[in-house]
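Reader: Could you take me through one part of this model in detail? I would enjoy a close look at an aromatic pair and what surrounds it.

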Amino acid sequence: MELKLIDKNGKPAKSGLEVSEITFGREFNEALVHQVVVAYQANARTATRAQLGRGNVSHTTHKPWNQKGTGRARAGMSSSPIWRGGGRAFPNSPDENFSHKVNRKAYRAGIRSILSELVRQDRLSVVEEFTVDSPKTKVLVEKIKGFGYAEGVLVLTDTFDENLYLSSRNLPHVLVLEAQYVDPVSLVRFANVIATKGAVKKLEELLA
């Protein structure tokens, strides 16, 4: 299959780019994409939260009041989870494991499914090259506007470009990634994706 190619000024090129239909012409599998996105986000979590159980809170073991004769409910100690200041019944632990396992073939198939859907929705643009002359945010903003994009943009490059990286750091709705580090969350998060010819070829190699 052939993808539309645009030049560095945002204008359509004379010829398109031949790509693999396996990577960019796959049917959209919503269940698989959901699984891949959820797993990626879950694996990024760090189990740092910790809560106190009834054995960890600071309290006295003195019985608050007599077992009988007060007319109130029985109470053994103030560390009970139903008391204010008591320990949690099922406290969160730093040892919690949030990771999800996704097979490599399923993960690659999910990425291919997302890329194919981006092509169908005309949200993926392939450029011959995408560079800026100096590491200035204003220069990158003007370049993106020149391509006709006002919303969030994900830029995929084949190699690390320091000027491009430094120019995008202060832009909350622009992300520059090398093709080898592409992830499903970034692909579905941004309204538009700009990929260089080299990035497309690298994606084909990685997802083959």
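Author: Let us start with two phenylalanines: Phe 130 and Phe 147 are both buried. Please keep in mind that this is a predicted model. Three aromatic pairs are found in the structure. In the pair formed by Phe 130 and Phe 147, the ring centres are 5.6 Å apart and the planes meet at 50°, so the pair counts as tilted.

Elsewhere, Arg 45 lies over the face of Phe 98, at 3.6 Å from the ring centre.

Now to the nonpolar cores. The largest one has 27 residues, and among those with the most contacts inside it are Phe 24, Leu 115, Leu 154, Leu 156 and Val 200. Elements that give two or more residues to this core include helix H3 (104–120), strand S4 (124–127), strand S5 (153–157) and strand S7 (192–196). Phe 147 is part of a second, separate core of 15 residues, which also includes Val 132, Val 153 and Leu 171. As a general point, nonpolar side chains tend to be buried together in soluble globular proteins.

Leu 154 is found in strand S5, and its relative accessibility is 0%, so it counts as buried. Leaving aside neighbours within four places in sequence, Leu 154 is in contact with Leu 175, Leu 177, Ser 186, Leu 187, Phe 190, Asn 192, Val 193 and Ile 194. Leu 140 lies 14 residues from Leu 154 in sequence, and their C-alpha atoms are 13 Å apart in space.

Strand S5 then leads us to the sheet. The sheet is open and has five strands in the order S2-S4-S7-S5-S6, with parallel pairing. Strand S2 (5–6) and strand S6 (174–178) stand at its edges with a single partner strand each, so one side of each is left without a neighbour in the sheet. S5 and S7 run parallel and are joined by four bridges. Leu 156, one of the core residues with the most contacts, has Ala 195 in S7 as its bridge partner.

Note on methods:
Residues numbered from 1 in each chain as written. Predicted model: local features only at pLDDT ≥ 70, side-chain atom pairs only at ≥ 80, totals over all residues. Heavy atoms only, no water. Core = buried A, V, L, I, M, F, W, Y, C linked by side-chain atoms within 4.5 Å. Buried < 20%, exposed > 50% of the residue type's maximum accessible area, 1.4 Å probe, protein only. Contact = heavy atoms within 4.5 Å. Pairing = 2+ DSSP bridges. Phe/Tyr/Trp six-rings, centres within 6.5 Å; stacked < 30°, edge-to-face > 60°. Lys NZ or Arg CZ within 6 Å of the ring centre and 35° of its normal.
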